[in-house]
Amino acid sequence: MRGDRTIQEIAAKHRLHPTQVSTWKKQAVEGLSGVFSEGGKPQGPSESEIKDLRAKIGRLAVENDFLAQGLKR
């Protein structure tokens, strides 16, 4: 990205195909614009995803408790 090496040089150094290096570079350049436009804050899970995950944790905790009681008998 700095421009001090060619894609072919980078690919040869890391034993990659030049097309793969080009693809990664393109993805990086496209992704950088999003970092600055969103204030650099990472996007986390939505509130509904958090609610669903907490519900799943609760169900799994109940299942674990039930199974643990069965093993103690």
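Which element supplies the largest share of the lining of the largest pocket? That share, 3 residues, comes from helix α2.

## The model and its chain

A word on the model before going on. This is a predicted model, in which local features need pLDDT of at least 70 and side-chain atom pairs count only at pLDDT 80 or more, while totals for chains, interfaces and linings use all residues. Residues are numbered from 1 along each chain as its sequence is written, and side-chain values use heavy atoms, with hydrogens and water left out.

The protein chain holds 3 helices and 0 strands, and along the sequence the pattern reads α-α-α. Helices here are DSSP runs of H or I with at least four residues, strands are E runs with at least two, and numbering starts from the N terminus. Of the 73 residues in the chain, 3% count as buried. The chain exposes about 6,900 Å², with carbon and sulfur atoms supplying 57% of that area; accessible areas come from the Shrake-Rupley method with a 1.4 Å probe, and for residues only the protein chains shown count as cover.

## The largest pocket

The largest pocket has a volume of about 250 Å³. A pocket is an open set of points on a 1 Å grid over the protein atoms alone, where a 1.4 Å probe fits, with protein on both sides within 12 Å along at least five of seven lines; lining residues have an atom within 4 Å of a point. Grid points are joined across faces, edges and corners, and the volume is the space filled by probe spheres set on them.

M1, R2, G3, D4, R5, T6, I7, I10, V21, W24 and K25 line this pocket. Helices α1 (7-14) and α2 each give the lining at least two residues. By class, the lining has 5 nonpolar, 2 polar and 4 charged residues. In this scheme Ala, Val, Leu, Ile, Met, Phe, Trp, Tyr, Cys and Pro are nonpolar, Asp, Glu, Lys and Arg are charged, and the others, Gly among them, are polar.

K25, one of the lining residues, sits in helix α2. K25 counts as partly exposed because its relative accessibility is 38%; buried means under 20% relative accessible area, exposed over 50%, and partly exposed in between (1.4 Å probe, protein chains only). Although K25 and M1 are 24 residues apart along the chain, their C-alpha atoms are separated by 7.0 Å.

## A nonpolar surface patch

M1 also belongs to a nonpolar patch on the surface, together with V29 and L32, and the three have about 290 Å² of accessible area together. Patches are made of residues with over 30% relative accessible area and no salt bridge, joining like charges within 9 Å and nonpolar side chains (Val, Leu, Ile, Met, Phe, Trp, Tyr) within 5 Å. A salt bridge is a side-chain nitrogen of Lys or Arg within 4 Å of a carboxyl oxygen of Asp or Glu.

V29 lies in helix α2, which spans residues 18-37. V29 is partly exposed because its relative accessible area is 46%. From V29 to M1 is 28 residues in sequence and 8.4 Å in space, C-alpha to C-alpha.

## A buried alanine and an exposed arginine

Helix α1 contains A11, which counts as buried because its relative accessibility is 2%. A11 and V21 are 10 residues apart in sequence, with 6.4 Å between their C-alpha atoms.

R15 lies in the loop between α1 and α2. With 79% relative accessibility, R15 counts as exposed. R15 is not a glycine, yet its phi is positive, at about 55°.
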